[in-house]
Amino acid sequence: MNAERLEHFRKLLLKQLREHDNNVRDDQAAALNLYDDGVQDTVDQSITDVTKEMAFSLGQRESQLVADIDQALLRMDEGVYGTCAGCGHPIDERRLEAVPTARYDAACQAELERRRGENPTPSL
Ligand SMILES: [Zn+2]
């Protein structure tokens with residue numbers, strides 16, 4: 001992939017990173033505000049902990065996305081961005097355009113999902 005295309009995907013990733021970053025903060029702020037209506041002084045530590053846990057799980061899905069984006073940016077620094085982690089072939093740029101964090105090309109992704117879908121304990 002040439003430097004120009006790489007820069008294009010880097011911008012795409014950084015844009016997504018900013019958006020997801022905001023989502024995480026919004027989710028956490030929303031959860032932390034649940035107990036904000038004058039009950040603060042009667043709230044004991046256990047409820048505060050539960051609230052924090054709630055904020056954490058709400059933010060977790062978004063956090064995973066942020067982690068994926070971080071990983072993609074790291075692969076860019078390592079010069080392996082856009083290369084399938086399964087077979088080493090270049091990932092179709094149309095695929096990267098749709099999913100800039102993709103680590104696998106379509107064939108390897110399909111194979112991974114097929115294996116994941118299989119029963120881990122054979123019936124025979
Ligand atoms: Zn592959």
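Figure 1. pLDDT is the predictor's confidence in each residue, from 0 to 100. Over the protein chain the mean is 84, and 82% of residues reach 70 or more. Because the model is predicted, local features need pLDDT of at least 70 and side-chain atom pairs count only at pLDDT 80 or more, while totals for chains, interfaces and linings use all residues. Residues are numbered from 1 along each chain as its sequence is written.

**Figure 2. The protein chain has four helices and zero strands.** From the N terminus on, the order is α-α-α-α. Helices (H or I, at least four residues) and strands (E, at least two) are DSSP runs, numbered from the N terminus.

**Figure 3. The largest nonpolar core has 10 residues.** Among them are Phe 9, Leu 13, Ile 69, Cys 84 and Tyr 104. Helix H1 (3-32) and helix H2 (45-78) each supply at least two residues of this core. Such a core is a set of buried Ala, Val, Leu, Ile, Met, Phe, Trp, Tyr and Cys residues joined through C-beta atoms within 7 Å. A residue is buried if 20 or more other C-beta atoms lie within 10 Å of its own, with C-beta atoms placed from the backbone. Of the 124 residues of the protein chain, 14% count as buried.

**Figure 4. Helix H4 (residues 106-117) lies largely in the open.** Why? Of its 12 residues, the number buried is zero.
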